[in-house]
Amino acid sequence: MNAFMDIQVHAQMLADQERMQSYRDALHEVVQKDDVVVDLGTGTGVLAAFACQAGAARVYAIERLPIVEVARATVAASGFADRVVFYEQDFATVDLPQRADV
């Protein structure tokens, strides 16, 4: 079984405040205003939301597992549904409509 199909694995990662702050800080350092970002294996969508907070104009969130429904809810609750496009498939098969900056 894929460990990332277990919601408890995601809950543990999200509960790690140092981990989450590190990801948020890193994205805020790298993502520039109006960047296009790809989030491979978006999981719960928290990194896609962080990228939007950092100024991304568009985030392509790619996730092949059912956790993508949690990601959609996370992004919507964060107010970024209009900037995140979800691809529910393996990243190797995705053909993005534009080149990404990050």
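The dialogue below treats the sheet, then the core.

Modeller: This is a predicted model, in which local features need pLDDT of at least 70, side-chain atom pairs count only at pLDDT 80 or more, and totals for chains, interfaces and linings use all residues. Residues are numbered from 1 along each chain as its sequence is written, and side-chain values use heavy atoms, with hydrogens and water left out.

Biologist: In what order do the strands form the sheet?

Modeller: Strands of a sheet pair through backbone hydrogen bonds, either parallel or antiparallel. Here 3 strands form an open sheet in the order β1-β2-β3, with parallel pairing. Strands (E, at least two residues) and helices (H or I, at least four) are DSSP runs numbered from the N terminus, and two strands pair if DSSP finds at least two bridges between them. The edge strands, β1 (36-40) and β3, each pair on one side only.

Biologist: Over how many bridges do β2 and β3 pair?

Modeller: β2 and β3 pair over 4 bridges, in the parallel sense. Ile62 has Tyr87 in β3 as its bridge partner, and Ala61 stands opposite Phe86 in β3.

Biologist: Which residues touch the most other members of the largest nonpolar core?

Modeller: In soluble globular proteins, nonpolar side chains tend to be buried together. A nonpolar core is a set of buried Ala, Val, Leu, Ile, Met, Phe, Trp, Tyr and Cys residues joined through side-chain atoms within 4.5 Å; buried means under 20% relative accessible area, exposed over 50%, and partly exposed in between (1.4 Å probe, protein chains only). The largest core here has 20 residues, and Val59, Val84 and Phe86 touch the most other members. Two or more residues come from each of α2 (17-30), α3 (46-53), β2 (58-62), α4 (68-77) and β3 (84-87). The largest share, 6 residues, belongs to α3. Apart from this core lies another, of 5 residues, including Val36, Tyr60, Ile62 and Tyr87.

Biologist: Why is α3 largely enclosed by the rest of the structure?

Modeller: α3 is largely enclosed because 6 of its 8 residues are buried. The buried residues in α3 are Val46, Ala48, Ala49, Phe50, Ala51 and Cys52. Just after α3, Gly55 takes a positive phi of about 120°.
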